[in-house]
Amino acid sequence: MAPSDSVHIWTDGACSGNPGPGGWGALVVADGQETELFGSEKDTTNNRMELAGAIEALNSLTNPSNVILNTDSTYVKDGLTKWIHGWKKNGWKTAAKKPVKNKDLWQALDEACSRHKIEWKWVKGHAGDEGNERADALAVRGSQEASELD
């Protein structure tokens, strides 16, 4: 695949309180088409919503793809590019021999990633990156919908 055939994704998570009502958002740009995705959970954490945004965006792709995934979460980027290899080797335990937090979502993200070739990019949040701003707005929308479930 040529670089022009890449799918560009921006993801974000939001939480009103941590834990509290949360939302995730993703902007997926492929073949000149934009798709906005978002969702919510009534009782969650910001990190879980950051992970959910990446999982849902990758799972929305129907074919294996070259993906440029933009996130403002070093937790998600470093988790997938650095930490997960040790966690798997150590039976999903951290270097401190403690269980990995959010193991269920890390495993789901690992599975979603296995179908694609991904270039992970960190972007500074709330700094004018249009894709990040749009993903943030979608995550906030999900969080607001979760707050209304009470």
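Guide: Let us begin with strand 2. This is a predicted model, and in it nine of the eleven residues of strand 2 (residues 20-30) are buried, so strand 2 is largely enclosed by the rest of the structure.

Visitor: In which sense do strand 1 and strand 2 pair, and over how many bridges?

Guide: Strand 1 (residues 7-15) pairs with strand 2 in the antiparallel sense, over eight bridges. One of the pairs joins His8 to Val29 in strand 2. The two strands form a hairpin with four residues between them, and Gly17 in the turn has a positive phi of about 90°.

Visitor: How many bridges link strand 2 and strand 3?

Guide: Strand 2 and strand 3 (residues 33-44) pair over ten bridges, again in the antiparallel sense. Gly22 has Glu41 in strand 3 as its bridge partner. Two residues lie between these strands in their hairpin, where Asp31 in the turn has a positive phi of about 50°.

Visitor: How are two packed helices described?

Guide: The description uses the angle between their axes and the distance between the axes. Here helix 2 (residues 74-89) and helix 3 (residues 103-113) pack at an angle of about 100°, with axes 11 Å apart. The two helices are therefore roughly perpendicular to each other, since 65 to 115 degrees counts as such.

Visitor: Which residues of helix 2 and helix 3 meet?

Guide: Among them are Tyr75, Leu80 and Trp87 in helix 2, and Trp106 and Leu109 in helix 3. By class, this contact has eight nonpolar, one polar and two charged residues.

Visitor: Is Asp136 buried or exposed?

Guide: Asp136, in helix 4 (residues 130-147), has a relative accessible area of 14% and is therefore buried, the cut-off being under 20%. Not counting residues up to four places away in sequence, Asp136 touches Asp12 and His126.

Methods:
Residues numbered from 1 in each chain as written. Predicted model: local features only at pLDDT ≥ 70, side-chain atom pairs only at ≥ 80, totals over all residues. Heavy atoms only, no water. Buried < 20%, exposed > 50% of the residue type's maximum accessible area, 1.4 Å probe, protein only. Contact = heavy atoms within 4.5 Å. Axes fitted to C-alpha atoms, helices over the stretch in contact; angles between N-to-C directions. Parallel < 35°, antiparallel > 145°, perpendicular 65-115°, else oblique. Nonpolar A, V, L, I, M, F, W, Y, C, P; charged D, E, K, R; others polar. Pairing = 2+ DSSP bridges.
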